[in-house]
Amino acid sequence: MDAIDRKILAVVQSDASLSVAEIGQRVGLSSTPCWKRLQRLEADGVIQRRVALIDPDKVGLGITVFVSVETGDHSNDWLKRFAETVSAMPEVMEFYRMAGDVDYMLRVVVQDMARYDAFYKRLIAAVPLKNVTSRFAMERIKSTTELPIPESPAA
């Protein structure tokens, strides 16, 4: 991946609705070479997909909860069952295995407290958990999907 590929990535993650011609103009390429690079970046899995970003508040999903999970079981079978269960829950926007004082961290988006309570009950019923801590976001100060694309790969 060269500097032009990185410029293309910066442009499309800012606005994926731009035409190939507009992307090319912004990075100094004509349409055909730009299109070929986009196709290669998609084929290589660098560009995973192009999506529309929805404002959660405008569709009634006003509560964001960061859920930390501790488990007493670190077996592969437990992890597989937990990962499958949590991944199938549509309220879970992000799901990470962590280093440090918690084992897993979830970002959950729901309509209201009653919906979070229902989610919580499904979560704790699904697999044995040692501790679940919920932290409710009071205000979204920054939210972005744009990665800070480095100009060159790490040396």
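Which residues form one aromatic cluster? The members are Trp78, Phe82, Phe95 and Tyr104. Please keep in mind that this is a predicted model.

**Aromatic residues**

The structure contains eight aromatic pairs. One of them joins Phe95 and Tyr104 in a tilted arrangement, with 6.1 Å from centre to centre and 45 degrees between the planes. Phe95 is partly exposed, because its relative accessible area is 25%. Tyr104 has a relative accessibility of 5% and therefore counts as buried, the cut-off being under 20%.

**The sheet**

Next, look for the open sheet, where four strands are arranged in the order β2-β3-β1-β4 with antiparallel pairing. Strands β2 (92–97) and β4 (131–136) stand at the edges; each has a single partner strand, so one side of each has no neighbour in the sheet. From one strand to the next, the twist averages 15 degrees. Six bridges link β1 and β4, which pair in the antiparallel sense.

Thr64 has its place in strand β1 (residues 63–70). Is Thr64 buried or exposed? Thr64 counts as buried, because its relative accessibility is 14%. Leaving aside residues up to four places away in sequence, Thr64 touches Arg107, Val108, Val109, Arg135, Phe136 and Ala137.

Now move to the helices. Thr32 is found in helix α3 (residues 31–43), and its relative accessible area of 49% makes this residue partly exposed. Tyr120 lies in helix α5 (residues 113–126) and also counts as partly exposed, at 27% relative accessibility.

| Residues | Apart in sequence | Apart in space (C-alpha to C-alpha) |
|---|---|---|
| Thr32 and Val20 | 12 residues | 8.3 Å |
| Tyr120 and Ala3 | 117 residues | 45 Å |

Terms used. Residues numbered from 1 in each chain as written. Predicted model: local features only at pLDDT ≥ 70, side-chain atom pairs only at ≥ 80, totals over all residues. Heavy atoms only, no water. Helix = DSSP H or I, 4+ residues; strand = E, 2+ residues; numbered from the N terminus. Buried < 20%, exposed > 50% of the residue type's maximum accessible area, 1.4 Å probe, protein only. Contact = heavy atoms within 4.5 Å. Pairing = 2+ DSSP bridges. Axes fitted to C-alpha atoms, helices over the stretch in contact; angles between N-to-C directions. Phe/Tyr/Trp six-rings, centres within 6.5 Å; stacked < 30°, edge-to-face > 60°.
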